[in-house]
Amino acid sequence: MKAIVNVYLKQGVLDPQGKAAHHALGSLGFKGINDVRIGKQIVLDVDSSTTPDMIKEMCETLLANTVIEDYDFELKP
Amino acid sequence: MNVAILRFPGTNCEFDTQYAFEKLGHTTQIIWHNDKTLPDNVDLVVVPGGFSYGDYLRSGSIARFAPVMQEVSKFAANGGKVLGICNGFQILTEANLLPGALKRNTNLHFISKYQHLKVVSTDNTFLKKCKKDEVLHIPIAHADGNYYVDDENLAKMKANGQVLLKYCDENGNEDSINGSVEAIAGICNETKNVFGLMPHPERAIEMLLGSDDGVKMLKGFEN
């Protein structure tokens with residue numbers, strides 16, 4: 001089973017990398033981009049006994065810093 | 001004073017820190033991250049700068065779970081003095097020993113230069129030998145020094161004198177060179193025994209290298 005965890009800076013917390021990419025896309029002539037946020041995806045290969053609560057605990061303990069980051073995840077068979 | 005200096009894989013400022021404290025006449029010991037105890041007679045624990053665990057995941061996020069950090073948390077909870085410099089500051093925020101977090105610099109650059117700093121609060125061990133509003137000149141060298149804390153906690157920190165240092169120009173005008181909230185460069189915890197700053201006072205201890213402003217900061221820990 002795979003757990004796909006996405007971690008990104010909270011809305012309202014300035015994302016310098018997203019801002020730089022946004023600016024670069026604009027410079028390249030791409031139009032209609034309202035915002036760019038850069039996050040990271042962490043893919044865990046886990047036993048089938050792994051529960052969403054266990055993944056949540058991993059996120060809160062290590063994978064995300066909840067002072068500045070939000071996360072979401074999905075478990076895939 | 002007995003100073004314990006932690007060393008994680010990737011730490012690179014432990015010897016500078018050792019040199020600085022020994023030059024000031026103190027006894028130092030470098031403590032390996034896997035150690036499960038701190039020496040009995042430690043007066044100050046320093047978490048030095050570097051790139052612990054390669055800054056993987058987030059700066060400081062892996063180091064905070066090293067065995068020695070459990071001991072540092074206990075030491076701090078009992079009122080022991082802890083100083084985190086640069087990556088050490090990042091580790092202490094990740095360990096929840098200090099409020100807030102450190103993000104990537106707004107300009108995305110690794111900033112390495114001498115920087116002016118304004119002393120905001122001297123009502124604490126660390127900066128008691130400095131004067132309020134004094135402008136210090138201390139090297140900085142970081143990519144993730146953009147301090148963030150939410151408004152509610154920032155208000156509490158300000159009311160309690162926990163904001164210690166701000167980036168500024170040579171005249172003391174605040175200048176958030178890396179995007180930090182209110183140009184914050186250094187803070188302490190609520191009980192004022194855990195300190196963290198991005199600048200490197202241990203690199204400013206002799207005029208030969210451009211500044212000795214770090215001496216009065218490090219000397220603050222002497223009784």
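Two residues are in contact if their C-beta atoms, placed from the backbone, lie within 7 Å. I use that cut-off in these entries on a predicted model.

**Entry: a core residue**

I looked up B:V45 under that contact rule, leaving out residues up to four places away in sequence. I then checked the largest nonpolar core, which has 70 residues. B:V45, B:V82 and B:L92 are the members that touch the most others in it. I also found a second, separate core of eight residues, with A:V7, A:I55, A:C59 and A:A64 among them. In soluble globular proteins, nonpolar side chains tend to be buried together.

**Entry: chain B overall**

I counted the elements of chain B and got five helices and eleven strands. Along the principal axes, the C-alpha atoms of chain B fill a box of roughly 45 × 35 × 30 Å. I noted that 53% of the 223 residues of chain B count as buried. For contacts in chain B with a separation of 6 or more, I find that 74% come from residues 24 or more positions apart.

**Entry: backbone check**

Most residues other than glycine have a negative phi. I looked for exceptions and noted two in chain B. B:Y53 has a positive phi of about 50°, and B:D55 has a positive phi of about 60°. I placed B:Y53 in the loop between β3 (44-47) and α2 (67-77) of chain B. B:D55 also lies in the loop between β3 and α2.

Is each of them buried or exposed? The cut-off for buried is 20 or more other C-beta atoms within 10 Å. B:Y53 has 22 such atoms within 10 Å, so B:Y53 is buried. B:D55 has 18 and is therefore partly exposed.

**Entry: the interface**

I looked up the contacts between the chains: twelve residues of chain B are in contact with nine residues of chain A. On the chain B side, I sorted the residues into three nonpolar, five polar and four charged.

**Entry: confidence**

I read off a mean pLDDT of 97 for chain B, with 100% of its residues at 70 or more. For the complex, the predictor gives an ipTM of 0.85 and a pTM of 0.94.

Note on methods:
Residues are numbered from 1 along each chain as its sequence is written. Chains are lettered from A and ligands numbered from 1 in the order in which they are written. This is a predicted model: local features need pLDDT of at least 70, side-chain atom pairs count only at pLDDT 80 or more; totals for chains, interfaces and linings use all residues. A nonpolar core is a set of buried Ala, Val, Leu, Ile, Met, Phe, Trp, Tyr and Cys residues joined through C-beta atoms within 7 Å. A residue is buried if 20 or more other C-beta atoms lie within 10 Å of its own, exposed if 12 or fewer, and partly exposed in between; C-beta atoms are placed from the backbone. Ala, Val, Leu, Ile, Met, Phe, Trp, Tyr, Cys and Pro count as nonpolar, Asp, Glu, Lys and Arg as charged, and the others, Gly among them, as polar. pLDDT is the predictor's confidence in each residue, from 0 to 100. Helices (H or I, at least four residues) and strands (E, at least two) are DSSP runs, numbered from the N terminus.
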